[in-house]
Amino acid sequence: MVDDDRFIVVGNGSTQLFHALLYALSSPDLPEPINVVAAAPFYSSYPEETKFLQSKLYKWAGDANCYDKDEPYIEVVTSPNNPDGSIRGTMVNREGGKAIHDLAYYWPQYAPITSKADHNAMLFTFSKATGHAGTRIGWAIVKDKVIAAKMVKFIEVSSIGVSREAQLRAAKILGVIADDCRNADHKGENLFQYGRRLMSERWGKLREVGMKSNGVFSLPKYPRDYCKFTGEYTDSKPAFAWLKSKEGLNCENLLRDKSKIITRGGPSFGVDSTYTRVSMLSRDVEFELLLERLAAIKGTVNGN
């Protein structure tokens, strides 16, 4: 699909599209596989996904903050970032580099929409936009026709295309959401307003628990910015909470052993074990239980 010199490629979720882009941005003519990097903390699945096929076209090369090779590379930029919710740009910015911008969480319920997304290769996923993860639909927007064609070929070969039923379902849902957002006479909340309110409430409750934890763990603070979608100044309300424990404590182990909270620790994201990631998107009853268990940690940790 073409729109304003951009090409939309639909895939079976953004994971397949990530692989399609790695394939499309690589070249069999290079003497060595092209390096793939991302700035830590990076999405924990990037290393595994890049290594999984043991491709001769590309290889995982670690933290973009430390990349100093004079070789071609692909930098993966997630913004807002998973796991820490920060707004990001490219880190390496060197000749011969290419970038994949993963914008899975660039929606107004998670972060201020400050500008039109206008990168050469961008990934989006239906699951993070609306919550319909089971539909398994993602889309990429790319500016290069040749790259788009190579991506389509990858999807054709790897999965014989994309389910027609899933595409129709996703298109219908997105159409309803778009119409609802355009309807100025609509008296209730649209999907993004509802999501924004819910995320704001949850983050408010989590920060209140964090303030009462006696420094056992802390949460990142996000700058306020003007959101062109809502017309308001607001800060980010990420889909994940990036917790940091007291120095010397393994945050993942602390939450698991003290409160039976299952998280994903910092080493999975390329950083140390004082960090861990907690989902903010669970069902209400699970989220309230999370708050209850986090609050119970207060006073039970002596720093050793």
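**Close-up 1. Ile8, Trp107, Phe124, Trp139 and Ile141 lie nearest the centre of the largest pocket, which has 35 lining residues.** The model shown here and in the other views is predicted. The volume of this largest pocket is about 1000 Å³. Several elements, namely β2 (6–11), β7 (121–125), α3 (126–130), β8 (138–142), α4 and α5 (164–182), each supply at least two residues of its lining. α5 gives the most, with seven residues. By class, the lining of the largest pocket holds 28 nonpolar, three polar and four charged residues.

Close-up 2. α3 and α6 each supply at least two lining residues. α6 gives the most to this lining, with six residues. Nine residues of the lining of the second largest pocket are nonpolar, six are polar and four are charged.

**Close-up 3. One cavity of 30 Å³ or more turns up in a search of the whole structure.** The largest cavity has a volume of about 60 Å³. Its lining consists of Pro80, Asn81, Asn82, Pro83, Gly85, Tyr105, Tyr110, Pro238, Ala239 and Phe240. Seven of the residues lining the largest cavity are nonpolar and three are polar, with no charged residue.

**Close-up 4. Helix α1 (residues 13–25) crosses helix α4 (residues 145–159) at roughly 125°, with the axes coming within 8 Å.** That angle makes α1 oblique to α4. The crossing is right-handed. On the α1 side, the contact residues are Gln16, Leu17, His19, Ala20, Leu21, Tyr23, Ala24 and Leu25. They meet Ile147, Lys150, Met151, Phe154, Ile155, Ser158 and Ser159 of α4. This contact of α1 with α4 counts ten nonpolar, four polar and one charged residues. α4 also supplies at least two residues to the lining of the largest pocket.

**Close-up 5. The axes of helix α6 (residues 191–211) and helix α8 (residues 284–296) come within 9 Å and cross at roughly 15°.** α6 and α8 are therefore roughly parallel to each other. Their crossing is right-handed. From α6, Leu198, Arg202, Lys205, Leu206 and Val209 make the contact. From α8 come Asp284, Phe287, Glu288, Leu291, Leu294 and Ala295. The contact of α6 with α8 has seven nonpolar, no polar and four charged residues. α6 also gives the most to the lining of the second largest pocket.

Terms used. Residues numbered from 1 in each chain as written. Predicted model: local features only at pLDDT ≥ 70, side-chain atom pairs only at ≥ 80, totals over all residues. Heavy atoms only, no water. Axes fitted to C-alpha atoms, helices over the stretch in contact; angles between N-to-C directions. Helix = DSSP H or I, 4+ residues; strand = E, 2+ residues; numbered from the N terminus. Parallel < 35°, antiparallel > 145°, perpendicular 65-115°, else oblique. Left-handed = near helix turned anticlockwise from the far one by under 90°. Contact = heavy atoms within 4.5 Å. Nonpolar A, V, L, I, M, F, W, Y, C, P; charged D, E, K, R; others polar. 1 Å grid on protein atoms, 1.4 Å probe; cavity = no way out; pocket = protein on both sides within 12 Å on 5 of 7 lines; lining within 4 Å. Points joined across faces, edges and corners; volume = space filled by probe spheres on them.
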